[in-house]
Number of protein chains: 2
Amino acid sequence: MARPRSFEPEAAVEKAMQVFWTHGYEGASLPDLLDGMGLTRGSLYKAFTDKKTLFLRVLNFYEDRAVQAGVALLTDPAIPDGADRIRMLFTNAYRAVAQGDQRGCLLCSAAAGPSMYDDDIAAAVAHGLTAMRDAISVALIASPKHAQMPDEARLDLADMLIAQYVGLRTMARARMPAEILRNAVRSVSAILD
Amino acid sequence: MARPRSFEPEAAVEKAMQVFWTHGYEGASLPDLLDGMGLTRGSLYKAFTDKKTLFLRVLNFYEDRAVQAGVALLTDPAIPDGADRIRMLFTNAYRAVAQGDQRGCLLCSAAAGPSMYDDDIAAAVAHGLTAMRDAISVALIASPKHAQMPDEARLDLADMLIAQYVGLRTMARARMPAEILRNAVRSVSAILD
DNA sequence: AGCATTAAGGACTGATTGGTCCAGAATTCA
DNA sequence: TGAATTCTGGACCAATCAGTCCTTAATGCT
């Protein structure tokens with residue numbers, strides 16, 4: 001019936017994610033986005049309404065992608081001890097930094113930035129972090145050592161670990177010395193013993 | 001010899017801190033700052049050169065003020081057990097949120113934001129966080145339980161705790177449910193037992 | 001083939017950005 | 001009191017911001 005789109009929206013959102021991830025929400029200008037996504041203003045606004053809506057799409061995409069990868073790891077039955085899954089999650093985060101990725105976690109940066117003022121963004125951030133927290137909780141139940149803790153204490157521990165995760169990834173973005181992150185991860189690992 | 005300044009630079013920096021604290025670096029516009037500081041463009045640029053320089057002054061001020069308050073608590077000999085000092089630090093952070101302060105920690109927000117691109121800002125942030133980490137380390141030595149840990153493990157724990165602190169305050173800014181923060185603090189307290 | 005419909009491209013807009021500049025006010029010293 | 005000096009206020013600036021709109025291109029259906 002009419003001219004079809006010449007780009008894949010999903011792929012465009014992924015490219016937008018890269019731009020937002022490195023520049024942040026406010027730091028990513030429209031030219032930055034158009035450039036990174038490889039399309040023009042007309043197409044972007046037709047497909048994604050406006051910058052904020054695009055960012056919410058990106059947060060969703062990030063949640064489907066990065067967060068789900070974490071959740072998959074944390075609930076992976078192929079790793080029998082849940083504590084090992086958690087150790088692996090943190091080790092992965094450290095390894096990313098050691099390999100030069102200083103972008104941190106998109107959700108965590110969004111948390112520190114515009115979520116303060118925008119309810120929708122705050123909700124999306126909270127949703128993603130909560131999903132991760134719940135997955136940590138599942139992993140703890142799969143840890144013999146922690147399965148027998150009182151429920152309340154175990155849930156508290158999951159909340160502590162998600163905060164730890166946010167902190168680590170935020171410090172990565174602040175370019176703190178990598179050894180500090182390594183030490184912190186080592187300490188988390190010890191605490192899970 | 002000439003007309004004197006009609007404002008106190010220190011006080012102006014403090015007011016600027018409030019603006020940056022709530023709006024973030026990029027989110028604080030010059031009109032916002034002029035408004036909050038109660039002076040005009042001419043005065044601001046004469047006294048503080050430009051926005052970034054002002055922000056660095058603010059980060060310094062924040063470090064002298066908020067960070068030093070934390071350091072003072074963590075090294076307070078009136079609280080004999082260092083672990084109690086750390087518990088108090090985290091409890092204070094939670095209490096701020098419970099009382100409606102959702103601004104988090106200025107350093108932590110700066111970490112997630114512009115520090116990614118500006119070396120000076122990144123250095124200032126890292127400096128402040130490191131000061132806090134060192135104070136945590138001092139507190140751990142003042143804790144009978146932790147004083148006898150191997151040095152390495154204790155230093156690792158200090159790095160973990162500073163990451164925990166950053167995470168908590170970042171999550172506060174993301175307006176995560178306060179109970180999650182409470183739980184996390186409770187868990188930290190338990191881990192220090 | 002031609003019509004209807006939608007996407008693409010990009011010129012354009014008004015608002016806002018951080019920053020400059022200068023005229024006039026205020027102060028000190030002589 | 002007058003000269004020298006510095007600060008204040010705000011008009012002004014170019015650049016950039018997010019967002020609009022219209023022309024042209026491309027496609028599917030008949």
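**Entry 1: DNA strand D**

I began with the surface near DNA strand D, and helix 3 of chain B gives the largest share of it, four residues. I am keeping in mind that this is a predicted model. In total I found 25 residues around DNA strand D. The closest are S29(A), L30(A), A2(B), R3(B) and G42(B). Next I looked up which elements supply at least two residues each to this surface: they are helix 2 (30-37) and helix 3 of chain A, along with helix 3 of chain B. Sorted by class, the surface near DNA strand D holds eleven nonpolar, six polar and eight charged residues.

**Entry 2: DNA strand C**

Then I turned to DNA strand C, which is surrounded by 24 residues. A2(A), R3(A), G42(A), R3(B) and S29(B) are the closest. Two or more residues come from each of helix 3 (41-48) of chain A, helix 2 (30-37) of chain B and helix 3 (41-48) of chain B. Here helix 3 of chain A has the largest share, with four residues. My class tally for the surface near DNA strand C is ten nonpolar, six polar and eight charged residues.

**Entry 3: where the chains touch**

How many residues of chain A are in contact with chain B? I found 42, and they meet 42 residues of chain B. On the chain A side, helix 6 (106-112), helix 7 (119-141), helix 9 (151-173) and helix 10 (178-191) each supply at least two residues. Helix 9 of chain A brings the largest share of that side, 15 residues. By class, the side of chain A that touches chain B has 24 nonpolar, twelve polar and six charged residues.

Conventions
Residues numbered from 1 in each chain as written. Chains lettered and ligands numbered in written order. Predicted model: local features only at pLDDT ≥ 70, side-chain atom pairs only at ≥ 80, totals over all residues. Near = placed C-beta within 6 Å. Nonpolar A, V, L, I, M, F, W, Y, C, P; charged D, E, K, R; others polar. Contact = placed C-beta atoms within 7 Å.
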